[in-house]
Every structure is written in structure tokens, then in C-alpha cells.
Amino acid sequence: MNPLQKYFRKPAIYITLPTGGEYYPPGNVRFDNGKELGVLPMTARDEMMMNTPDALLNSQSTVDVIRSCVPGITDPWSMPTIDLDTVLIGIRIASFGESMDVNVTVPTVNKQMTYTTDLRVMMEQIDKTAFNPNVAINSGLTIKVKPMSYRQLTNLQMRSYEQQRLVTQVGDAKLTTSEKSKQFNEIFNTMTNITLDNMKEAILEIVAEGDVITDRAYINEFVDNMQSDMANMIKSHLDAQNGIGKIKPITVQVPEDMVKAGAPSTFETPLSLDNSNFFVRRS
């Protein structure tokens, strides 16, 4: 045994996942205390990874840091995104403490200020409503879905970003109106396919008049041939359910001098868990 082992990092806090560990592949989450997961502080290597722009492009660095700091999650790629904010806040608290300084712009006066927020309070306010997997289309047809995984989210973001980049390129290109129209149609078709692929991946099974269908080929064929109102019902359900587990906007108290200058006494602002600032060590 390494004689220095007693100096190794130890869990700084324990977190409870909004999913309670459901929707993970078997064996991909191992709890420490009941339904809690221990969170270790980041190592020096972890901090460098989270502050290297090139390493953040495909989210691999985030996965590596979660694996390092939350060893109870053996494959972070398979983690439901419902649990993502809780895990990232847990790593931030374990590494840098419970408070965090946030730079915000005050409305009306349009001035910058620094506000200190309590991350433990923020974590407690996260919506932990149980994910509802059932989409009842009608009395004879029910679709069972699962939350989006971190890999699925990353792939969706990368594919969507690429198509948005192509839209800009086509718009700026010296092409005829007909050529631009053709390329825009191709981009639109690709975006439609991205949405449908995401829906196919979200469906676990379909119960049709008592029969349970889990065959992927049958499910994919169903998605390609279902009516648009069915697709809209599934998409709306997924959009609402995937909002579970997200952090709420923070309420900022405005200094008295800015209030006298016309600013509101309080205002809400979203907190970004962007790696470039959320995992920066404050001096």
C-alpha cells in the first residue's frame, strides 16, 4: 500500500441524483450511501482538462472529469442528462466550495456586477420530479420513452451546430438563388432527420393493443411512417420531461446605488454551467 494514500483525495460531498439511478444501463451507477454518490475534488489534471478549449469540443473532457470525480458513475456517456446539472454542481462544490461568484449585467442601467450565489441552495432547488416514460397516443397505443443520455445530447448538439454553420456558409456564399434554395432544402432535410433520429433513440418500447414491441427495426419504421400529430405529441412530451433536473435561474439582489439609478431591486438571470468559467479556480 502506498504510504501516501492517506493524503489522497476523499469524497467532499454526497449527492442524490434526480433520476434516483434509473435509466442507466445495468451496473453503470454504484451508490455509496443508500441512494447517494460520493463526489471527489478535481485533480490538477482534471482542472487543466476543463480549461483547455480544444479538449472540450466533443465533451470527452467532461466525461473524463465526471469519471474521475464521481467514480460511482462508471460510464458518464450513458448518464441521463436529467442528472447532469446535479453532478456538475457537485463537482464544483467538492473542488472549490459552496459559494460561486457570477458576473452579471444589471438590466436598465446595463452595468456589470459580481454576485455570490450558494451552490447548495441551487442544487436543492433543482426540479427532481420523476421522469414520466409514458406517452399515451390513444387508448390502444402507448409509447414508452427514456431520458436523453449525455452521449445523445452531445451528438445532437454537434450535428445541429454543423448544420447551423452550413446555413451561415450558404447564406454568405456567392451562389445563385436556385443553388442556395437547393442547399437550404438539403440542410432542412438533415435537420428533420436529426429530430427523427433523436426520437427513435428515445423510444424504449411501444405497446400497441396489448402487444409490446421492442424490435428497433419495427420502432424505427413506425417513427418514419407515423402521422405528424403523433410525432408532435412525442416531441412535446420529451421536451417537457427533459427539462427535469435543470438548474433554475438565480435571483440577484441589486446594490442600492444601481436601484437609485433606475435598476430593479432584483432580477433573474440564468446560470451557465459552461466549463470555461464554471470550473475556474477563483483566487
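Buried means under 20% relative accessible area, exposed over 50%, and partly exposed in between (1.4 Å probe, protein chains only). This is a predicted model, in which local features need pLDDT of at least 70, side-chain atom pairs count only at pLDDT 80 or more, and totals for chains, interfaces and linings use all residues. Residues are numbered from 1 along each chain as its sequence is written, and side-chain values use heavy atoms, leaving out hydrogens and water.

**View 1. Strand E1 and its partner, E2.** Helices (H or I, at least four residues) and strands (E, at least two) are DSSP runs, numbered from the N terminus. Strand E1 (residues 13–16) has Ile13 and Ile15 on a covered face, with Tyr14 and Thr16 on an uncovered one. Four bridges join E1 to strand E2 (residues 36–39) in the antiparallel sense; two strands pair if DSSP finds at least two bridges between them. Look for Thr16, whose bridge partner in E2 is Glu36.

**View 2. Helix H2, largely enclosed.** Seven of the ten residues of H2 (residues 60–69) are buried, so the rest of the structure largely encloses this helix. Among the buried residues are Val63, Val65, Ile66 and Cys69.

**View 3. The lining of the second largest pocket.** Eight nonpolar residues (Ala, Val, Leu, Ile, Met, Phe, Trp, Tyr, Cys and Pro count as such), three charged ones (Asp, Glu, Lys and Arg) and five polar ones (the others, Gly among them) make up this lining. Helix H6 gives the most, with six residues. A pocket here is an open set of points on a 1 Å grid over the protein atoms alone, where a 1.4 Å probe fits, with protein on both sides within 12 Å along at least five of seven lines; lining residues have an atom within 4 Å of a point.
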